[in-house]
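Colleague: Please take a close look at one helix for me, and at what surrounds it. Keep it brisk, and give the cut-offs.

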Amino acid sequence: MHLIEDHAAQAQIPVRFAASKVMEGDEKILERLKLTEDLPGQTTVLETKEAPWRIAGEVLRTYIICESEDGSVWLIDKHAAHERMNFDKLKNAQEPPMRQTLLAPIAAELSREDGALLLENLPLLEQFGFACEDFGAGALLVREVPADIDAADTVPTLEEFAERLRTGRSPDEKREALLHTMACKAAIKGGWKSDISELRVLVEKVQSGEVQFCPHGRPVKAKLTKYELEKMFKRA
Ligand SMILES: [Zn+2]
């Protein structure tokens with residue numbers, strides 16, 4: 001993507017993000033901040049003129065820091081935002097999820113109780129993109145998993161499915177709960193290193209207001225207005 005400077009190219013670009021410019025407090029500052037100087041572990045972003053926001057960075061590999069044109073500072077929980085996007089996509093999907101065939105089928109050793117419950121629900125697992133069969137003694141042989149899910153997450157996902165199936169009261173509630181699990185497992189995780197282009201997609205969705213709460217109802221963003229910041233520093 002043209003938005004991302006690769007590191008080799010970056011080294012050639014003079015950094016124009018001088019401290020004096022930031023101090024001016026000019027409204028046009030966003031326009032002039034074409035480049036942000038690299039901090040350790042962060043990537044320089046070349047912003048487009050069109051976006052009314054810019055990503056200032058990411059902290060704790062979990063929260064995106066973003067500045068919008070009105071001078072507000074946003075902290076965005078990348079996992080929560082991605083989970084909501086996934087959830088909406090899965091919920092509105094007309095087709096079953098894309099699958100990946102595992103090179104080596106996984107023998108999921110589950111508790112007898114979990115194994116039995118999942119075996120009773122094989123058609124439902126199919127609908128969610130898991131092709132499994134009985135492997136005896138509570139174990140399931142998993143041949144296919146949803147494409148969005150890391151194969152290494154197969155067993156934890158199935159265990160969570162079993163838990164959701166056990167606690168769900170109605171078929172609808174169970175379905176919804178399984179969608180939650182899928183959305184969560186397919187989302188980028190807090191603590192993961194993310195590509196700036198992935199973060200931009202999430203920020204776009206949050207800034208547009210399309211994504212506001214994670215499927216569990218937790219907020220995906222916290223916003224500080226310029227005035228709130230000024231008050232914190234006794235400037236206002
Ligand atoms: Zn989650």
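Modeller: The helix is α4, and its buried residues are Lys78, His79, Ala80, Ala81, His82, Glu83, Arg84, Met85, Asn86, Phe87 and Leu90. Buried means that 20 or more other C-beta atoms lie within 10 Å of the residue's own; exposed means 12 or fewer, partly exposed is in between, and C-beta atoms are placed from the backbone. This is a predicted model: local features need pLDDT of at least 70, side-chain atom pairs count only at pLDDT 80 or more, and totals for chains, interfaces and linings use all residues. Residues are numbered from 1 along each chain as its sequence is written.

Helix α4 is mostly covered, with eleven of its 15 residues buried. Helices are DSSP runs of H or I with at least four residues, strands are runs of E with at least two, and both are numbered from the N terminus.

Length first. Helix α4 covers residues 78-92, and at 1.5 Å a residue its 15 residues should span 21 Å. The expected span is 1.5 Å times one less than the number of residues. The end C-alpha atoms of α4 are 21 Å apart, which agrees.

Now the partners. The buried residues of α4 pack against β2 (63-68), β3 (73-77), α8 (171-185) and α9 (196-207). Not counting residues up to four places away in sequence, Ala183 touches Glu83, Asn86, Phe87, Leu90 and Pro215. Contact means C-beta atoms, placed from the backbone, within 7 Å. An α-helix has 3.6 residues a turn, so residues three or four places apart point the same way.

Next, the cores. A nonpolar core is a set of buried Ala, Val, Leu, Ile, Met, Phe, Trp, Tyr and Cys residues joined through C-beta atoms within 7 Å. The largest one has 22 residues. Leu118, Leu140, Val142, Leu158, Leu179, Met182 and Ala183 have the most contacts inside it. Helix α4 supplies at least two residues of this core, as do β6 (140-146), α7 (154-167) and α8 each. The largest share, five residues, comes from α8. A second, separate core has 16 residues, including Ala81, Met85, Ile196 and Val211. In soluble globular proteins, nonpolar side chains tend to be buried together.

Strand β6 leads on to a sheet. That sheet is open, has three strands in the order β4-β6-β5, and pairs antiparallel. Two strands pair if DSSP finds at least two bridges between them. The edge strands are β4 (99-108) and β5 (131-134), each pairing on one side only. Four bridges join β5 to β6. Cys132 stands opposite Val142 in β6, and Val142 is also among the residues with the most contacts in the largest core.

Back to β2, one of the strands that α4 packs against. Ser68 lies in this strand. Ser68 counts as partly exposed because it has 18 C-beta neighbours inside 10 Å. Leaving aside neighbours within four places in sequence, Ser68 is in contact with Pro52, Trp53, Trp74 and Gln207. Ser68 and Ile55 are 13 residues apart in sequence and 8.8 Å apart in space, C-alpha to C-alpha.

One backbone detail remains. Leu60 lies in the loop between β1 (53-59) and β2. Its phi is near 55 degrees, a positive value in a residue other than glycine. Leu60 is exposed, because 7 other C-beta atoms lie within 10 Å.

Conventions
Two residues are in contact if their C-beta atoms, placed from the backbone, lie within 7 Å.
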